[in-house]
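Here is a structure to go through by question and answer. Each answer sets a value against its cut-off.

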Amino acid sequence: MSSHDDVEAGRRRWQQRYDEALAKGRVRDADFTTLSGSEVQPVYGPPPGVDDPRMDRIGWPGEYPFTRGLYPTGYRGRTWTIRQFAGFGSAEQTNERYRMILARGGGGLSVAFDMPTLMGRDSDEPVSLGEVGHCGVAIDSAADMETLFAGIPLGDVTTSMTISGPAVPVFCMYLVAAERQGVDLSTLDGTLQTDIFKEYIAQKEWLFGPEPHLRLIGDLMEFCAERIPAYKPLSVSGYHIREAGSTAAQELAYTLADGFAYVELGLSRGLDVDRFAPGLSFFFDAHVDFFEEIAKFRAARRIWARWLRDVYGATTDRAQWLRFHTQTAGVSLTAQQPVNNVVRTAVEALAAVLGGTNSLHTNALDETLALPTDESAEIALRTQQVLMAETGVVNVADPLGGSWYVEELTDRIEAEAEAVFERIREMGERGRDRDADGAVQHDVGPMTSGILRGIEDGWFTGEIAEAAFRYQTALEKGDKQVVGVNVHTESLARELEILRVSHEVEREQVRVLTERRAARDEALVRQRLAAMVEVARGDGNLVPPMLDAVRAEATLGEICGVLREEWGSYREPARF
């Protein structure tokens with residue numbers, strides 16, 4: 001329990017850190033006053049002379065357990081990055097959208113890929129028919145990636161890529177595009193999703209069984225740690241878990257458990273946790289329950305810091321930091337009265353900001369119907385800019401810290417998450433006993449073992465399905481209300497003009513792919529694919545030979561295809 005002396009000592013520590021940041025020019029030159037001109041302090045805590053027993057768990061911004069944020073300056077030091085998620089049609093079309101986003105004040109790019117790309121398929125494969133360019137951009141080879149970022153200096157812009165199953169070959173294409181721009185690869189900064197666990201748990205876009213995917217992820221972690229130190233090879237995603245129907249506590253718990261498993265993977269590769277843990281980032285959903293979402297983000301930082309320090313032995317602040325990107329909840333958007341989605345998105349974005357997000361994407365009002373138009377994408381971008389420039393939320397670090405409601409919610413979500421962690425570890429222990437004959441690989445940590453068992457038994461899928469069913473039942477009974485859907489359904493709104501991707505995009509993508517195949521050195525491609533497979537059969541790092549195959553213009557489908565032949569495909573176990 002904090003005493004008066006402890007509180008005052010914490011206040012002095014925070015002030016010293018803030019003053020150091022100020023002296024180093026790490027506080028923005030801005031007007032930190034209210035709209036009426038009243039000066040606001042950079043942080044607030046218990047009044048001088050008042051004890052508050054919660055301070056042991058809350059702390060101050062910039063200090064362990066980081067409940068109140070990673071930096072003592074909050075957004076006074078640096079605001080969140082506006083990172084709008086975009087991709088549709090061809091690489092040329094998406095490049096135009098990126099240029100628009102950057103020209104209008106976006107701070108980073110986030111790539112959405114189409115379904116064939118997400119599944120490691122080429123645009124001309126029969127299973128790709130009708131899907132090319134429709135939910136993201138089509139990328140078949142390094143040439144497409146080069147076009148995607150034409151005129152956008154990859155050495156200067158941080159780029160996030162939302163893809164997991166074929167993340168490593170797509171990353172190699174990104175590296176080749178950077179090479180062709182003349183960029184020193186060691187200076188690249190950005191984030192690759194690569195989170196295969198959430199695919200088995202929620203999104204269902206995998207290529208192989210879990211073990212080969214973990215091997216690829218471990219190879220990527222080693223490669224980036226050695227050669228591209230600023231790049232973050234893993235963005236552990238709760239977003240898709242929440243979109244599949246989980247509760248806030250389930251989203252938090254399953255996501256952090258996945259993160260712990262990737263820490264165990266890094267440790268199993270002999271990597272130093274203080275060096276590789278800062279390369280892990282997170283991706284969360286910001287749903288419409290305002291205070292619950294804020295509490296979720298605060299609890300996430302606290303849990304991660306404690307586990308990294310006490311369980312996995314991290315000793316530095318950076319290794320204990322949970323950095324996260326947030327996207328407003330796509331599942332909260334409605335086709336009915338879609339203009340209401342602007343309000344929902346603004347509320348969700350504000351929750352992410354008050355929860356301390358490091359970067360943010362705001363959904364467009366028409367995304368429940370189609371990919372966003374230029375106009376709706378601009379409204380989504382302006383939503384963030386209004387929050388940043390007009391509302392004053394950037395003036396104070398963790399302005400809701402100390403709220404009785406927010407702190408109780410934070411504690412409650414943390415306790416629910418810890419109960420889930422215990423359940424997952426128990427599943428892992430039971431799995432070890434059940435598979436003592438060696439039928440399943442268990443040269444992994446306890447959290448990893450539990451996640452693999454939960455995937456194999458369909459436990460995660462069942463838990464999310466139950467949560468989704470409970471919410472849908474409440475919605476149908478009217479216990480949960482959604483404006484325009486089951487309450488206030490009358491409207492004067494007109495039908496929206498939506499973006500439609502022409503089937504000509506697919507025909508043109510296939511035509512160009514055919515030409516590129518005809519123009520490349522086919523013998524060199526086959527040689528490099530064979531060299532990659534040879535490494536796959538051993539224990540060498542697969543990234544360098546895959547990079548060589550990409551340089552020769554091997555396609556995504558060819559690279560993933562030879563690995564499927566070597567490692568086999570994966571079928572999800574049935575659960576009823």
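Q: What makes Lys204 count as partly exposed?
A: This is a predicted model, and its Lys204 has a relative accessible area of 26%. Partly exposed is the class between under 20% (buried) and over 50% (exposed). Therefore Lys204 is partly exposed.

Q: Where is Lys204 found, and what is its phi?
A: Lys204 is in the loop between α7 (196-203) and α8 (210-227). Its phi is positive, about 70 degrees, although Lys204 is not a glycine. Most residues other than glycine have a negative phi.

Q: Why is Phe66 called buried?
A: Its relative accessible area is 0%. Buried means under 20%, so Phe66 is buried. Phe66 is found in the loop between α2 and β1. Phe66 also has a positive phi, near 65 degrees.

Q: Which peptide bond is cis, with omega near 10 degrees?
A: The bond from Tyr64 to Pro65. Pro65 has its place in the loop between α2 (55-58) and β1 (81-86). Most peptide bonds are trans.

Q: Why is Asp5 called exposed?
A: Asp5 has a relative accessible area of 55%. Exposed means over 50%, so Asp5 is exposed. Its place is in helix α1 (residues 4-23). Asp5 forms a negative surface patch with Asp6, Asp51 and Asp56.

Q: What makes Val288 count as partly exposed?
A: Val288 has 40% relative accessibility. The class runs between under 20% and over 50%, so Val288 counts as partly exposed. Val288, Val343 and Val347 form a nonpolar surface patch, with about 220 Å² of accessible area together. Val288 sits in the loop between β6 (280-286) and α12 (290-310).

Q: How do you know that Cys135 is in no disulfide?
A: A search of the whole structure finds zero disulfides. For Cys135, the nearest cysteine sulfur is that of Cys560, 16 Å away. A disulfide needs sulfur atoms within 2.5 Å, so Cys135 is in none. Cys560 is in no disulfide either: its nearest cysteine sulfur, that of Cys172, is 11 Å away.

Q: Are Cys135 and Cys560 buried or partly exposed?
A: Cys135 counts as partly exposed, at 32% relative accessibility. Cys560 is buried, with a relative accessible area of 2%.

Q: Why is the contact of Arg551 and Glu179 called a salt bridge?
A: The side chains meet at 2.7 Å, N to O. The cut-off is within 4 Å, so the pair is a salt bridge. Arg551 lies in helix α21 (residues 543-551) and Glu179 in helix α6 (residues 167-180), so the pair ties together parts that are 372 residues apart in sequence.

Q: What makes Glu251 and Lys296 count as buried?
A: Glu251 is at 0% relative accessibility and Lys296 at 1%. Buried means under 20%, so Glu251 and Lys296 count as buried. Their side chains meet in a salt bridge (2.7 Å, N to O).

Q: How do you know that Arg526 and Glu522 form a salt bridge?
A: Their N to O distance is 2.9 Å. Within 4 Å is the requirement, so the pair qualifies. Both lie in helix α20 (residues 522-536), four residues apart, about one turn of the helix. Arg526 and Glu522 are also in a network of salt bridges whose members include Asp122 and Arg517.

How values were computed
Residues numbered from 1 in each chain as written. Predicted model: local features only at pLDDT ≥ 70, side-chain atom pairs only at ≥ 80, totals over all residues. Heavy atoms only, no water. Patch = residues over 30% accessible without salt bridge, like charges linked within 9 Å, V, L, I, M, F, W, Y side chains within 5 Å. Areas by Shrake-Rupley, 256 points an atom, 1.4 Å probe, with all protein chains shown as cover. Lys, Arg positive; Asp, Glu negative; His and termini not counted. Charge placed at Lys NZ, Arg CZ, Asp CG, Glu CD. Helix = DSSP H or I, 4+ residues; strand = E, 2+ residues; numbered from the N terminus. Buried < 20%, exposed > 50% of the residue type's maximum accessible area, 1.4 Å probe, protein only.
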